[in-house]
Amino acid sequence: MNLFDVYPLNDIEITKASGSNVWDANEQKYLDLYGGHAVISIGHTHPHYVSRLTDQLNKVGFYSNSVKIPLQTQLAEKLGQVSGKKGYQLFLVNSGAEANENALKLASFYNGRKKVIAFTGAFHGRTSLAVAVTDNPKIVAPVNETENVIFLPFNNEVALEETFKAQGNEISAVIIEGIQGVGGIKEASKSFLQKIRSLCDEYNSVYIADSVQCGYGRTGLFYSHDYSGVEADVYTMAKGMGNGFPIGGISIAPKFKPWHGELGTTFGGNHLACAAALAVLEVMEQDNLMKNAEEVGNHLITELKKFEQVVEVRGRGLMIGIELPAELAHVKKELLFTHHIFTGEAKPNVIRLLPALNLTKAQADEFLRAFEKAVKGVGYKA
Ligand SMILES: Cc1ncc(COP(=O)(O)O)c(C=O)c1O
């Protein structure tokens, strides 16, 4: 049997990992500024995380949502506290797409409507409704196509207002990333998020904050959307939540009243997943990782802005996009294969940095030195 070949792969096998470093099968060490698509939040193989998961596995790894799982209650309590959303309710799933799928479904159950507003450049996942609100026709199969989604230009308040004026009573939800990740590290403006909040209030629509990539402390705030000073009705999360263990969740405002059977999942909220998520929050709190993300992120952004070769530096905290001119398109590969640094990308020419939240200043400086050589073409062979 062969693998279904959908991923373009780098010819690297990672066999060992610790903190913000990984090693390949030849013992070559790498600096990891990507965390496998923004997933590694507290560093690879963090000792507290490893011991909490190991202990849990030795007790009970899984049972379904047909019995009490006190770890879920502990997780809800801790998440409410760390995220500053104590009155919200938690529903646990397994991935980011599933979180968005359930958030959109919850909104539709809530107000009985069908239409959803999404934005140009958005990425919300690959399941049915999540991909329908994603702005990439290439990954939308005919079966996912729906007339219920309205795409509007990102950060355009006039277009948003006009759409609500024309059909506000049909709009179930507005879904938006606080900072678009796949779309190239583009931040929603404060006033745009405030406008979404006020229009959703006026028309009884649901404001869904997709925090799958930009959330979980990465920007220095728990949910990056909250820098606007207004709260969302539903926050979706995944990626950093389990530091690699698959878990996602939606944080739901108090006004939503659940009924038995409304949402459901077999694996969501299992014992091991909850142990992983609790370990992440414990480390984040104990080591003050949101503050570190803000400080090391600010340092990187300030230094990166000094490079004359860079078109633009965007982002906040440890979610950074470096836009390069076309002639420097090789820099990402150069960083990986010459300087042994993992980074991400967004089309056409943006390098994405999404490291663990405990990246040190020394590691950030190691990257900056390599980046300088790469953009100046030192040692580069075309
Ligand atoms: C903003 C955002 N939402 C949703 C998703 C989908 O998450 P998952 O791949 O866990 O389904 C992603 C994944 O990259 C994302 O960046």
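How many bridges join strand 14 (residues 319–323) to strand 17 (residues 350–353)? In this predicted model, strand 14 and strand 17 are joined by four bridges and run antiparallel.

A second open sheet contains seven strands in the order 4-12-11-10-7-5-6, and its pairing is mixed. Its edges are strand 4 (89–93) and strand 6 (149–152); each has a single partner strand, so one side of each is left without a neighbour in the sheet. Strand 11 (residues 234–237) and strand 12 (residues 248–252) illustrate the pairing, being antiparallel and linked by four bridges. In this pair, Tyr-235 is placed opposite Ser-251 of strand 12. Helix 4 packs on the sheet and touches strand 4, strand 5 (115–119), strand 7 (171–177), strand 10 (206–210), strand 11 and strand 12. The direction of helix 4 makes about 30° with that of strand 12. Helix 6 (residues 157–167) lies across strand 5, strand 6 and strand 7, and runs at about 150° to strand 6. As a general point, side chains in a regular strand alternate between the two faces of the sheet.

The ligand is surrounded by 15 residues, of which the closest are Gly-96, Ala-97, Gly-125, Val-212 and Gln-213. Helix 4 (residues 96–111) supplies three residues, the largest share of this shell. Sorted by class, the shell consists of five nonpolar, eight polar and two charged residues.

Strand 2 (residues 21–24) and strand 3 (residues 29–32) run antiparallel and are joined by three bridges. Val-22 is found opposite Tyr-30 of strand 3. The two strands form a hairpin with four residues between them, and Glu-27 in this hairpin takes a positive phi near 70°. Strand 3 also pairs with strand 15 (residues 341–342), here in the parallel sense and over two bridges. The bridge partner of Leu-31 in strand 15 is Ile-341.

Several helices pack against one another. The axes of helix 6 and helix 7 (residues 190–203) come within 10 Å and cross at roughly 5°. Helix 6 and helix 7 are therefore roughly parallel to each other. Helix 6 contributes Glu-157, Leu-160, Glu-161 and Phe-164 to the contact, while helix 7 contributes Ser-191, Phe-192, Lys-195, Ile-196, Leu-199 and Tyr-203. The contact of helix 6 with helix 7 comprises six nonpolar, one polar and three charged residues.

Helix 3 (residues 70–83) packs with helix 8 (residues 271–286) at an angle of about 30°, and their axes are 9 Å apart. Because angles under 35 degrees count as roughly parallel, this angle makes helix 3 roughly parallel to helix 8. The crossing of helix 3 and helix 8 is left-handed. On the side of helix 3, the contact residues are Leu-71, Gln-72, Gln-74, Leu-75, Lys-78, Leu-79 and Val-82. Helix 8 meets them with His-271, Cys-274, Ala-275, Ala-277, Leu-278, Leu-281, Met-284 and Glu-285. This contact between helix 3 and helix 8 divides into ten nonpolar, three polar and two charged residues.

The axes of helix 9 (residues 289–304) and helix 11 (residues 361–376) are 10 Å apart, and the two helices pack at an angle of about 20°. This angle makes helix 9 roughly parallel to helix 11. Helix 9 and helix 11 cross in the right-handed sense. Val-296, His-299, Leu-300 and Glu-303 of helix 9 meet Lys-361, Ala-364 and Leu-368 of helix 11. By class, the contact of helix 9 with helix 11 has four nonpolar, one polar and two charged residues.

Methods. Residues are numbered from 1 along each chain as its sequence is written. This is a predicted model: local features need pLDDT of at least 70, side-chain atom pairs count only at pLDDT 80 or more; totals for chains, interfaces and linings use all residues. Axes are lines fitted to C-alpha atoms, for helices over the stretch in contact, and angles run from 0 to 180 degrees between N-to-C directions. Angles under 35 degrees count as roughly parallel, over 145 as roughly antiparallel, 65 to 115 as roughly perpendicular and the rest as oblique. A crossing is left-handed if the near helix is turned anticlockwise from the far one by less than a right angle, and right-handed if clockwise. Two residues are in contact if their C-beta atoms, placed from the backbone, lie within 7 Å. Ala, Val, Leu, Ile, Met, Phe, Trp, Tyr, Cys and Pro count as nonpolar, Asp, Glu, Lys and Arg as charged, and the others, Gly among them, as polar. A residue is near a molecule or strand if its C-beta atom, placed from the backbone, lies within 6 Å of it. Two strands pair if DSSP finds at least two bridges between them.
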